[in-house]
Amino acid sequence: MYANLVKAPRGRHRRSYPDDFKTQVVAACLQPGVSMAAVALANGLNANLLRRWVKEVRGGGMPAPTAGSKDAPAGPAPPTLVPVTVALPEEVPSGEIKIEIHRAQAVFQISWPAAESASCAQWLREVLR
């Protein structure tokens with residue numbers, strides 16, 4: 001009954017890849033905006049294997065891509081801070097907020113004091129639910 005079991009072929013071994021190939025593929029993965037799965041697919045590799053190689057490079061278990069390599073990432077740009085100033089109005093705005101709502105065959109026109117814009121926004125949220 002169990003005589004037709006599938007057996008693994010003798011002499012089965014894992015593939016090995018040259019270190020320079022690994023370095024080039026990992027360098028391609030470290031480029032910004034590049035999908036590891038896409039790089040693995042393009043090179044005929046298993047994505048999990050490629051993720052392990054990248055993890056080894058980041059952990060120091062494998063030599064990192066050299067800066068002289070054409071595929072080596074340039075490295076992340078240092079963050080820069082951009083100063084932002086926010087100017088708040090000193091005066092309460094004068095005037096009116098005018099709202100026109102069309103429902104079926106009716107038109108509603110609402111005028112709201114601009115000084116009460118927060119309460120107008122709250123009312124409008126309730127009406128549009």
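Begin by selecting Lys22, which you will find in helix α1; helices here are DSSP runs of H or I with at least four residues, strands are runs of E with at least two, and both are numbered from the N terminus. The model is a predicted one, in which local features need pLDDT of at least 70 and side-chain atom pairs count only at pLDDT 80 or more, while totals for chains, interfaces and linings use all residues. Residues are numbered from 1 along each chain as its sequence is written, and side-chain values use heavy atoms, with hydrogens and water left out.

Is Lys22 buried or exposed? Its relative accessibility is 18%, so Lys22 counts as buried, a word that stands for under 20% relative accessible area, with exposed meaning over 50% and partly exposed lying in between (1.4 Å probe, protein chains only).

Now widen the selection to residues 19-29, the whole of helix α1, where the buried residues are Lys22, Thr23, Val25, Val26, Ala27 and Cys29.

Next, show Trp53 together with Lys22: their C-alpha atoms are 7.4 Å apart in space, although 31 residues separate the two in sequence. Trp53 is buried, since its relative accessible area is 3%.

Rings of Phe, Tyr and Trp (its six-membered ring) pair if their centres lie within 6.5 Å, and planes under 30 degrees apart count as stacked, over 60 as edge-to-face and the rest as tilted. How many aromatic pairs are there by this rule? The count comes to four. In one of them, the rings of Phe21 and Trp53, the centres are 6.5 Å apart and the planes stand at 90°, so the pair is edge-to-face. Because Phe21 lies in helix α1 and Trp53 in helix α3, this pair ties together parts that are 32 residues apart in sequence. Phe21 counts as partly exposed because its relative accessibility is 22%.

For another pair, select Trp112 and Trp123, whose ring centres are 5.4 Å apart and whose planes are at 40°, so the pair is tilted. Trp112 lies in strand β2 (residues 106-113) and Trp123 in helix α4 (residues 117-127), so the pair ties together parts eleven residues apart in sequence.

Finally, show the whole chain, which has four helices and two strands in the pattern α-α-α-β-β-α along the sequence.
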